[in-house]
Amino acid sequence: MTKQDFLNELRSLLTGEIEQKAVEEHIRYYEEYISARIRQGEAEEEVLRQLGNPRLIARTIVDADPGETTDARAVEKEYTSSNESIRICKAPSWLAVILVVLAVVSVLLLLILFIWWLAPVILTVWLVIVLIKFLGGAGRK
């Protein structure tokens, strides 16, 4: 992979995920970084190997971007490939945590309400059984 291949792939991965101005800033940063390392005598291939996969770099940039298209708001995109349309909705991770917590609390509250409702019934049945045993045992003497 060449420097230009790396930058092109990074640009295509970032475009549409973050604001275009931010895309250009990141591309300019990596272009300058790679060029500076090459001027210092490192081989282009070695610099690119040290940087790693452009997909991982793009994912990190997108995840860290404070713009409108990150976890601050739900993002919906439509991808099309070979007459197929797939809708992907990325929900914020904090929203998933809140939903899980609400589900657990709801189940616990339902369980408590069920036990609260059932307790008088169980207590009454137990008292009736105790009275029958007590009165039944007293009548035999």
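Mentor: Start with the angle classes. Angles under 35 degrees count as roughly parallel, over 145 as roughly antiparallel, 65 to 115 as roughly perpendicular, and the rest as oblique. Axes are lines fitted to C-alpha atoms, for helices over the stretch in contact, and angles run from 0 to 180 degrees between N-to-C directions. This is a predicted model, where local features need pLDDT of at least 70, side-chain atom pairs count only at pLDDT 80 or more, and totals for chains, interfaces and linings use all residues. Residues are numbered from 1 along each chain as its sequence is written, and side-chain values use heavy atoms, without hydrogens or water.

Trainee: Why are H1 and H2 called roughly antiparallel?

Mentor: Their axes cross at roughly 160° and come within 10 Å. That angle is over 145, so H1 and H2 are roughly antiparallel. The crossing is right-handed, the term for a near helix turned clockwise from the far one by less than a right angle (anticlockwise is left-handed).

Trainee: Which residues make the contact of H1 with H2?

Mentor: Contact means heavy atoms within 4.5 Å. H1 brings Lys3, Phe6, Leu7, Leu10, Arg11 and Leu14. From H2 come residues including Val23, Ile27, Tyr30 and Ile34. By class, 8 are nonpolar, 2 polar and 4 charged.

Trainee: How many residues does the largest nonpolar core have?

Mentor: It has 16. Such a core is a set of buried Ala, Val, Leu, Ile, Met, Phe, Trp, Tyr and Cys residues joined through side-chain atoms within 4.5 Å. Buried means under 20% relative accessible area, with a 1.4 Å probe and protein chains only. Among the residues with the most contacts inside the core are Phe6, Leu10, Tyr30 and Ile57. H1 (3–14), H2, H3 and H4 (54–64) each supply at least two residues. H2 gives the most, with 5.

Trainee: What is Leu10 in contact with, leaving aside its neighbours within four places in sequence?

Mentor: Ile27, Tyr30, Pro54, Ile57 and Ala58.

Trainee: How many helices and strands does the chain have?

Mentor: The chain has 5 helices and 2 strands. Helices (H or I, at least four residues) and strands (E, at least two) are DSSP runs, numbered from the N terminus. The pattern along the sequence is α-α-α-α-β-β-α. Buried residues make up 18% of the 141 residues.

Note on methods
Buried means under 20% relative accessible area, exposed over 50%, partly exposed in between (1.4 Å probe, protein chains only). Ala, Val, Leu, Ile, Met, Phe, Trp, Tyr, Cys and Pro count as nonpolar, Asp, Glu, Lys and Arg as charged, and the others, Gly among them, as polar.
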